[in-house]
Amino acid sequence: MRLERLEDTQRPEKLKAVFDGETLTVSASLCVQFSLCAGMELDEEAFSALKAAVAKEAARERAVRILTASAVSERELEKRLVQKGTLPADAADAVAWLKEHRFLDDAATAAQLVDSAVRKGYGRARVKNILYEKGIPKDLWDEALARIPAMDDAIDRFLARRWQGKDPDDKEVKRTVDALIRRGHSWKDIQAGLRRYRADLELEENTEDYIP
């Protein structure tokens with residue numbers, strides 16, 4: 001495979017390597033590693049090695065972009081890379097590379113997810129769902145969930161915003177309880193919150209419907 005020319009790109013750290021049958025976007029470091037220069041010939045083995053190195057480098061760059069955009073677990077990051085067309089081996093390499101450089105840590109990610117959920121006023125059940133959906137290993141859950149404080153204030157703020165000092169009827173109480181359950185709060189905590197809102201607030205006798 002003959003390298004016809006190297007062209008600049010809009011990214012200063014990247015060059016376009018134009019071969020007689022294919023074009024690759026390569027980094028300056030790969031140019032040095034493979035001693036690329038216009039007019040050189042690469043045999044099939046060398047060209048395959050270059051393509052593999054380009055793919056591995058691209059996977060690492062994509063992994064960094066994903067990681068800087070949101071908190072992700074190792075499992076989720078690898079899954080998202082594959083979904084975007086990265087080969088499984090290159091996705092696994094990118095995750096291992098980030099872990100090696102301490103940019104990826106499931107325990108730290110779990111703590112970030114819990115803290116973010118608490119700021120949004122979510123209860124324990126919703127937080128657990130988030131950890132599951134994000135692919136956090138279950139052996140890290142207990143430590144992460146221990147960061148959840150008592151959620152009385154979150155429930156009180158929710159009720160205050162929803163009812164604004166008004167007396168809700170039974171239907172509105174039911175809708176509000178359902179909303180709080182969807183946010184991950186337990187019936188026990190919700191019940192206490194309702195009574196803090198108004199001591200004589202009547203609750204439906206059949207509370208089984210409220211148990212998450």
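Me: What makes Lys138 count as lying over the face of Trp141?
Reply: Its distance from the ring centre is 5.5 Å. A charge sits over a ring if NZ of Lys or CZ of Arg is within 6 Å of the ring centre and within 35 degrees of the ring normal. Lys138 therefore qualifies over Trp141.

Me: How far is Arg126 from the ring centre of Tyr122?
Reply: Arg126 is at 4.0 Å, over the face of Tyr122.

Me: What kind of model is this, and which residues count?
Reply: The model is predicted; local features need pLDDT of at least 70, side-chain atom pairs need pLDDT 80 or more, and totals for chains, interfaces and linings use all residues. Residues are numbered from 1 along each chain as its sequence is written, and side-chain values use heavy atoms, with hydrogens and water left out.

Me: How many aromatic pairs does the structure hold?
Reply: Two.

Me: Why is the pair of Phe19 and Phe47 called edge-to-face?
Reply: The ring centres are 4.9 Å apart and the planes stand at 70°. Rings of Phe, Tyr and Trp (its six-membered ring) pair if their centres lie within 6.5 Å; planes under 30 degrees apart are stacked, over 60 edge-to-face, the rest tilted. At 70°, the pair of Phe19 and Phe47 is therefore edge-to-face.

Me: Which parts of the chain does this pair link?
Reply: Phe19 is in strand S2 (residues 14–19) and Phe47 is in helix H2 (residues 44–69), 28 residues apart. Helices (H or I, at least four residues) and strands (E, at least two) are DSSP runs, numbered from the N terminus. Both Phe19 and Phe47 are buried.

Me: What makes Trp163 and Tyr197 a pair, and of which kind?
Reply: Their ring centres are 4.9 Å apart and their planes are at 70°, so this pair is edge-to-face. Trp163 is in helix H8 (residues 152–163) and Tyr197 in helix H10 (residues 187–197), 34 residues apart.

Me: How do you know whether Trp163 is buried or exposed?
Reply: Buried means under 20% relative accessible area, exposed over 50%, partly exposed in between (1.4 Å probe, protein chains only). Trp163 has 4%, so it is buried. Tyr197 has 24%, so it is partly exposed.

Me: Is H2 oblique or roughly parallel to H4, and why?
Reply: H2 and helix H4 (residues 88–100) pack at about 60°, with their axes 9 Å apart. That makes H2 oblique to H4. Angles under 35 degrees are roughly parallel, over 145 roughly antiparallel, 65 to 115 roughly perpendicular, and the rest oblique.

Note on methods: Axes are lines fitted to C-alpha atoms, for helices over the stretch in contact, and angles run from 0 to 180 degrees between N-to-C directions.
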